[in-house]
Amino acid sequence: MAATPESPAAATTRRKAGRHRGEGQWAVGHFTPLNGNEQFKKDDDGLNVRTRIETIYAKAGFDSIDPNDLRGRMRWWGLYTQRKPGIDGGKTAVLEPEELEDKYFMLRVRVDGGQLTVAQLRAIGEVSDRYARGTADITDRQNIQLHWIRIEDVPAIWEKLEGVGLSTTEACGDCPRVIIGSPVAGIAADEIIDGTPAVDEIHERYIGSKEFSNLPRKFKTAISGSPVQDVVHEINDVAFVGVVHPEHGPGFDLWVGGGLSTNPKLAQRLGTWVPLDEVPDVWAGVVGIFRDYGYRRLRNRARLKFLMADWGPAKFRQVLEDEYLERKLVDGPAPEQPLSKWRDHIGVHPQQDGRFYVGFAPRVGRVDGTTLTKVAELAGAHGSDRLRTTVEQKMIILDVAQDQVDSLVAGLEALDFQVNPSPFRRGTMACTGIEFCKLAIVETKGRGASLIDELERRMPDFQEPITINLNGCPNACARIQVADIGLKGQLVLDEDGRQVEGYQVHLGGALGLEPGFGRKVRGLKVTADELPDYVERVLRNFAAQREDGERFATWAARAEEGALK
């Protein structure tokens, strides 16, 4: 029988498949690197660059650094080149990396679970003052970032940090990045289960191991047993969420495949209940799937969320059970919806042991080395040796005796760290922005801080929970799609037709109750100068039109477009 002629469309598809050699998935035999990032990872593991930093680059200086180390492997040790001063946002997408970058680095200090001791925070403050021109930013993944780092100083910085139990290992790169955890794990009076042992064991077993040091792209983990659900589990690659099984008791519900950037997706439940002692093995199984089946051909499709979107949770669970765990997982219930309006633990709260923890708010995560040292000294002077960072760019001091609380609060507020902040101070976040980031188009940190001040002056009686997230580019490091008011930096035209810094607006995004991505009103963009007026106008419309108890996100979803402009 004669063969059926191949259609032009089928022939094109076949040629594309052959040219692409699949999606670069190792599990189906596609080991040939399909882009430059995969090639430099195959040539040498990112973890190996530390030796060259210590023995060659720190001694010979910036110009001695191999380009694949400089713009690739050094990320495995928390190092990114920062943006050269004076380059405006219009040139971000047109200049080559070597034209954008300065001869200084951002250094990300890894803080798993947000866990810090007084000695560790003091060490970060001292490194900041001595080597980073006093810079320090608390990130929305519980890390602390420093800037203006010279390659010559990196070995001394590592020695200082590692001397108190901190590291920068795999703080960046295509590997398992910081494990975010509940900042009140083990102490909160309402906790379902303490996930700290799992955070610590995963770090001990797998971070810095070559088993998972070459993933298709970055991998983000969240573990929390708090009913507040305080680790934005919906937008992590893998998340373990505290839940009580009707037969087996407290454990974790497993979520996979969340992430934002330019193609946002919420994580999906696998429908399993995982006991605390099995979390590290299940975590390793999920990471193993990503390593082996993840897409490596195109960088913009190399996150786990794309594999999950293609497979679905049923297939993902089956592969996890059959190929990686070699056993079935227990079916489990979904976690209850969080009732708290805020997920950041700001304020004074009782612990399980009768002591208190005190959460406080910097401005958009921007601090400095001297102030961090003073915070460490305050904590120590008030009987605490434990501090925490949060995923909202905030901090917490644990283990404070009742008779020490008022004095501690006064000391924090003297440093401009508010324990009872306005909704604007409490709910505004900002990414690094054009000051240091090579991808950014607009300024964020200073603008976020001034926006807080302006809104507090204009709307002193506004008390509703509100999140305002500023991002310097489309990559959503500041979670713009899931904020009440998300501001994506871009260049816009002002009323005179000039190109100026501004923002595309996303409205009504949310996590927790009714999670979803913000609404984009067609043509809605604001210049940086117009930003305070715009936010005030929208919030006044919300206050006037909201129903009793209605959240901003719910109102924004139903509001007429005119009320959102």
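Visitor: Does Trp283 count as buried or exposed?

Guide: Buried means under 20% relative accessible area, exposed over 50%, and partly exposed in between, with a 1.4 Å probe and protein chains only. Trp283 has 0% relative accessibility, so Trp283 counts as buried. This is a predicted model, in which local features need pLDDT of at least 70 and side-chain atom pairs count only at pLDDT 80 or more, while totals for chains, interfaces and linings use all residues. Residues are numbered from 1 along each chain as its sequence is written, and side-chain values use heavy atoms, with hydrogens and water left out.

Visitor: How is the pairing of Trp283 with Phe219 read, and why is the pair called edge-to-face?

Guide: A pair of aromatic rings is described by the distance of the centres and the angle of the planes. Rings of Phe, Tyr and Trp (its six-membered ring) pair if their centres lie within 6.5 Å; planes under 30 degrees apart count as stacked, over 60 as edge-to-face and the rest as tilted. The whole structure holds 18 aromatic pairs. In the pair of Phe219 and Trp283, the centres are 6.3 Å apart and the planes stand at 85°, so this pair is edge-to-face. The two residues are 64 residues apart and link distant parts of the chain, with Phe219 in strand E7 (residues 219-224) and Trp283 in helix H9 (residues 279-293). Phe219 is also at 0% relative accessibility and counts as buried.

Visitor: Which residues do ring pairs link into a cluster?

Guide: The cluster consists of Tyr206, Phe212, Phe219, Trp283 and Phe290.

Visitor: How many helices and strands are there in the chain?

Guide: Helices (H or I, at least four residues) and strands (E, at least two) are DSSP runs, numbered from the N terminus. The chain has 17 helices and 21 strands.

Visitor: What is the radius of gyration of the chain?

Guide: The radius is taken over C-alpha atoms, and the globule rule is 2.2 Å times the number of residues to the power 0.38. For 565 residues a compact globule would come near 24 Å, and the chain has 24 Å, which agrees. Along the principal axes, the C-alpha atoms fill a box of roughly 85 × 60 × 55 Å. Of the 565 residues, 59% count as buried.

Visitor: How is helix H10 placed, enclosed or open?

Guide: Six of the eight residues of H10 (residues 304-311) are buried, so H10 is largely enclosed by the rest of the structure. The buried residues are Leu304, Lys305, Phe306, Leu307, Met308 and Trp311. Their cover includes E7, strand E9 (249-256), strand E10 (268-274), H9 and helix H11 (313-325). After H10 comes Gly312, with a positive phi near 85°.

Visitor: Which residues does Lys41 touch, not counting residues up to four places away in sequence?

Guide: Contact means heavy atoms within 4.5 Å. Lys41 touches Trp76, Asp174, Asn214, Leu215, Pro216, Arg296 and Arg299 under that exclusion. Lys41 belongs to helix H2 (residues 36-43) and, at 6% relative accessibility, counts as buried. Its C-alpha atom is separated by 8.4 Å from that of Gly72, 31 residues apart along the chain.

Visitor: Where is Lys438 found?

Guide: Lys438 is in the loop between strand E17 (428-430) and helix H15 (445-458). It is buried, with a relative accessible area of 17%. Neighbours within four places in sequence aside, Lys438 is in contact with Thr81, Gln82, Arg83, Thr92, Leu100 and Glu101. The C-alpha atoms of Lys438 and Leu100 are separated by 6.3 Å, while the two residues are 338 residues apart along the chain. For the chain, residues 24 or more positions apart account for 69% of the contacts with a separation of 6 or more.
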